[in-house]
Amino acid sequence: MRKNVKIRENLTVALIYLILFVTAIFVLYPIVWIIVGSMNPGDTLFSSTFFPQRLSLDHYIQLFTNTQYPLWYANTLKIATANMILSTLLIVTAAYAFSRFRFPGRRQTLMAMLILQMFPGFMGMVAIYILLLQMGLLDNHWGLILVYAGGSIPYGTWLVKGYFDGLPRSLEEAAKMDGATHTQIFFKVMFPLSYPILTFIALNNFIGPWMDFIFARLVLRSNENKTLAVGLYEMVTGRGNTEFTNFAAGAVLVAVPITLLFLFLQKYLIEGVTAGANKG
Amino acid sequence: MEKRDRGLHSRHRVVASVLSTIGMGLGQVYNGQIVKGILYLLLEIYVLIFWTHPFLQAMWGLITLGDTPQKRARGRIVVEGDHSIFLMIGGLIFLLLFLLFLFVYYQNIRDAYLNGKLRDQGFAVPSFKQTLKNVWEKGYPYILLTPTLLFTLFLTVLPLLFGILIAFTNYSAPYHLPPKTLVDWVGFKSFIDLFQLKTWSTTFYGVITWNIIWAVVSTFTTYFAGLFYATIINHKRIRLKKLWRSIFILPWAIPQFIAILIFRNIFNGQFGPINKMLMDMGFQGIPWLSDPFWAKVTIIVVNIWFGFPYWMALMSGVLTGIDREMYEAADVDGATGMQKFWKLTVPMVLYATMPLLIMSFAFNFNNFNMIYLLTSGGPANPNYSFAGSTDILISWIYKLTLDQSQFNMASVVSILIFIVVATFSIWNFSRTRAFKEEDMM
């Protein structure tokens with residue numbers, strides 16, 4: 001009887017290892033494939049083999065000398081950083097106001113924010129296009145930054161407000177007794193306590209522009225203003241797929257920093273997601 | 001004596017608010033707050049003089065959407081004509097500004113009333129200096145909120161209002177595209193067309209069916225795959241837990257658009273490594289992206305690759321939070337591993353992650369990147385208007401808007417999407433704790 005249980009457990013463990021191992025192959029395959037592809041001599045998908053005869057860095061060099069990749073990279077970095085700063089600032093101030101003050105119109109505004117976040121961002125696409133056109137901000141990075149910042153507010157505000165709500169009020173009351181102003185309380189008490197959610201929001205707003213394809217393609221028209229998402233997409237969906245290896249090199253260069261950033265901040269991300277979910 | 005006093009004085013608040021209703025700032029002047037009153041008055045005069053005409057013009061534009069079509073002779077523009085869409089947006093902006101002005105006007109009346117009340121009760125009204133200080137103290141949340149609300153108003157609310165209004169016009173190619181032609185209000189016609197005109201309704205029902213299947217299947221596969229891997233890694237005899245988790249979390253960390261484009265190549269029917277391998281082994285290649293059925297399978301498989309790490313990471317946290325004793329009790333009762341999983345783990349995890357699960361459903365429902373970057377909505381479907389076999393509503397809208405200029409139909413469809421997503425979100429929020437605590441409803 002006992003022996004049976006033992007055998008069964010051993011079998012289970014063996015099976016689990018097998019599953020984990022196979023899954024690891026599936027997870028890693030595309031990643032390894034693209035890295036190998038980027039160092040494979042030749043231009044197209046067809047000529048790239050999984051075990052290349054020789055490895056070369058030609059495509060990386062080509063990427064920087066023959067394409068506008070460095071420019072796209074700089075554009076994306078600029079847009080992402082600006083959006084991160086602007087949106088985080090707008091979100092945190094609003095969330096703080098909603099969480100810590102009771103004022104006429106508060107509930108209505110919160111409700112409106114909640115409903116706004118449910119609209120697909122697309123719905124305003126044509127209007128945004130025309131607005132930017134009228135303001136002369138089409139094919140302009142600031143236009144895109146404004147669009148991103150505006151779009152991230154409703155969701156972010158709710159998330160951060162939920163987090164602030166969970167922080168004890170006694171701390172601020174103590175600070176208030178000591179004569180601290182609202183601004184001091186915000187920066188000296190609330191701010192240090194909310195690093196996890198701030199990191200989450202900032203990271204979200206930084207990564208957003210790296211991933212977005214829709215608005216970037218809508219707003220940015222000229223080749224030298226493009227972001228990475230648009231540039232790489234066009235590189236690999238063009239006729240005949242002749243630039244595959246260049247794309248692979250470009251993809252590796254985007255993915256590595258973002259992936260590292262993500263892995264280092266993983267803990268915050270998971271905390272952020274759960275915090276937002278539990279507290280609404 | 002006292003009664004008469006109160007009766008006499010109580011007139012201040014009435015008089016002040018009536019005066020402020022007639023003209024901004026008059027009530028304040030009556031209350032003795034001269035500087036504030038004059039500032040209010042100047043604001044009103046400025047608005048009346050400089051903004052009345054543009055405002056009336058804008059309202060005319062919003063209501064009529066223009067009446068002079070562009071006239072061309074020998075390829076040249078003879079009469080510039082009205083641009084309906086610019087008129088509509090201009091009208092909306094003025095309408096929002098007017099609402100802001102009404103809000104300020106309301107504040108002015110309220111202020112006159114409150115200060116009048118102070119006088120009625122025998123208190124002195126605050127001086128201008130005190131008022132400024134008060135604004136900083138009591139108005140702090142408003143100061144914090146103003147930039148954010150302005151941003152939201154003009155970059156989110158305004159485009160959305162515009163998007164909604166478009167659904168009630170005939171703004172579409174080829175006959176109603178400004179500046180060459182005018183756009184008209186047509187009421188619910190586009191809605192009726194979507195459901196009743198065969199060219200539209202076939203596409204709509206086809207696309208929405210796949211959209212729902214996609215949202216349900218993609219949410220559940222990733223959810224349970226995540227739970228599955230979190231559970232097996234959590235098994236007490238599995239070593240290197242951290243290493244396995246780190247490997248499996250990679251797909252979540254890689255920028256999605258890059259990973260999708262990589263998969264687009266991996267599943268390429270002609271050159272993709274998978275088909276190459278199959279053909280090397282003597283099999284026929286599978287039309288991963290060019291056959292409607294296989295394209296849908298491919299999308300779901302690729303989505304599992306992306307989606308499960310997120311849930312796995314979350315579930316690992318949830319699982320460690322579950323009380324060990326329950327499992328021990330189950331062991332004593334002789335429960336098998338499977339029984340423990342389905343009767344204990346699943347219900348508890350489900351309870352803890354329900355809100356996220358619903359949000360994830362809403363997200364997948366509108367997962368544009370997954371569809372557009374992997375298949376571009378293809379393969380083509382001859383029965384559909386402007387949509388491919390794997391298009392979901394949101395990618396269909398994208399094509400309708402950017403490629404086909406069918407703005408009115410795109411807008412109708414996005415309103416329908418909103419109704420679906422909003423229903424789920426409201427239901428979701430109404431059952432979370434924060435909502436009840438906040439006495440939000």
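The structure is a predicted model, in which local features require pLDDT of at least 70 and side-chain atom pairs count only at pLDDT 80 or more, while totals for chains, interfaces and linings use all residues. Residues are numbered from 1 along each chain as its sequence is written, chains are lettered from A and ligands numbered from 1 in the order in which they are written, and side-chain values use heavy atoms, with hydrogens and water left out.

Chain A contains 13 helices and zero strands, where helices (H or I, at least four residues) and strands (E, at least two) are DSSP runs numbered from the N terminus. Of its 280 residues, 55% are buried; buried denotes under 20% relative accessible area, exposed over 50%, and partly exposed the range in between (1.4 Å probe, protein chains only). The accessible surface of chain A amounts to about 12,600 Å², and carbon and sulfur atoms hold 67% of this area. These areas come from the Shrake-Rupley method with a 1.4 Å probe, and for residues only the protein chains shown count as cover. Among the contacts in chain A with a separation of 6 or more, 75% involve residues 24 or more positions apart, contact meaning heavy atoms within 4.5 Å.

At the interface, 96 residues of chain B are in contact with 97 residues of chain A. The two chains bury about 8,700 Å² between them, with 78% of that area on carbon and sulfur atoms; buried area is the accessible area (1.4 Å probe) that two parts lose on being put together, summed over both. Ten residue pairs, written 10 in the count, are in polar contact between the chains, both residues being at pLDDT 80 or more. A polar contact is a pair of N or O atoms within 3.5 Å; within protein, one must be able to donate a hydrogen and the other to accept it, and residues adjacent in sequence count only if both atoms are side-chain atoms. On the side of chain B that touches chain A, helix α7 (residues 140-166) gives the most, with 20 residues. This side comprises 72 nonpolar, 15 polar and nine charged residues. The nonpolar class is Ala, Val, Leu, Ile, Met, Phe, Trp, Tyr, Cys and Pro, the charged class Asp, Glu, Lys and Arg, and the others, Gly among them, count as polar.

Over all chains, the structure holds nine salt bridges, each a side-chain nitrogen of Lys or Arg within 4 Å of a carboxyl oxygen of Asp or Glu. One salt bridge is found across the interface. It pairs B:Arg237 with A:Glu9, the closest N and O atoms being 3.0 Å apart. B:Arg237 lies in the loop between α9 (198-234) and α10 (241-253) of chain B, and A:Glu9 in helix α1 (residues 2-38) of chain A. B:Arg237 is partly exposed at 34% relative accessibility, as is A:Glu9 at 26%.

Within chain A, the side chains of A:Asp165 and A:Lys161 form a salt bridge (2.8 Å, N to O). Both residues lie in helix α6 (residues 141-165), four residues apart. A:Lys161 is buried at 1% relative accessibility, whereas A:Asp165 is partly exposed at 27%. In chain B, B:Lys399 and B:Asp391 meet in a salt bridge (2.6 Å, N to O).
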